[in-house]
Amino acid sequence: MIASPQTSLTTESRPRAAEAARSLTYRPNVDIADCGSELVIVADIPGSAADQVDVSFDDGVLTIAATVPGRPQPGNPVRQEYGVGDYRRSFQLGEGFDASQIAAAYRHGVLTVRVPRLAAVRPRTIPVAAG
């Protein structure tokens, strides 16, 4: 017999699958752009709230952590694909960044972190005088 999606989800597997999903730690997808004077990190963290997102910078490592709580479901779920649980991602940025000026904003499930470089290490162009 070939199992259909409806027959492969038994009442016994639903609670175990939901419990397993709650204990997972997810890695949010990110884009990182070097804008010269700063790095801009954009991370997808759908389903969270700004007060459930933490950004820290310690010893050259930027860490993004968040919690995505369970969502109320209308009826018995047949399939659940949205991540529920903890999100965590760390990046080794090294020296040369101004930790006191790091800014983060969370809007519509997207976290944007701006990590400015120290003025002394920002790339610059040196004009060459003729003569």
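This is a predicted model: local features need pLDDT of at least 70, side-chain atom pairs count only at pLDDT 80 or more; totals for chains, interfaces and linings use all residues.
Colleague: How many aromatic pairs does the count come to by the ring rule?
Modeller: Rings of Phe, Tyr and Trp (its six-membered ring) pair if their centres lie within 6.5 Å. By this rule the count comes to 1 aromatic pair.

Colleague: Is the pair of Tyr 26 and Tyr 87 stacked, edge-to-face or tilted?
Modeller: A pair of aromatic rings is described by the distance of the centres and the angle of the planes. Planes under 30 degrees apart count as stacked, over 60 as edge-to-face and the rest as tilted. Tyr 26 and Tyr 87 lie 5.4 Å centre to centre with 35° between the planes, and the pair is therefore tilted.

Colleague: How many residues apart are Tyr 26 and Tyr 87?
Modeller: Strands are DSSP runs of E with at least two residues, numbered from the N terminus. Tyr 26 is in strand 1 (residues 25–26) and Tyr 87 in strand 6 (residues 85–92). The pair links distant parts of the chain, the separation being 61 residues.

Colleague: Which tyrosine is buried, with a relative accessible area of 8%?
Modeller: Buried means under 20% relative accessible area, exposed over 50%, and partly exposed in between (1.4 Å probe, protein chains only). Tyr 26, at 22%, counts as partly exposed. The buried residue, at 8%, is Tyr 87.

Key
Residues are numbered from 1 along each chain as its sequence is written. Side-chain values use heavy atoms; hydrogens and water are left out. Helices (H or I, at least four residues) and strands (E, at least two) are DSSP runs, numbered from the N terminus.
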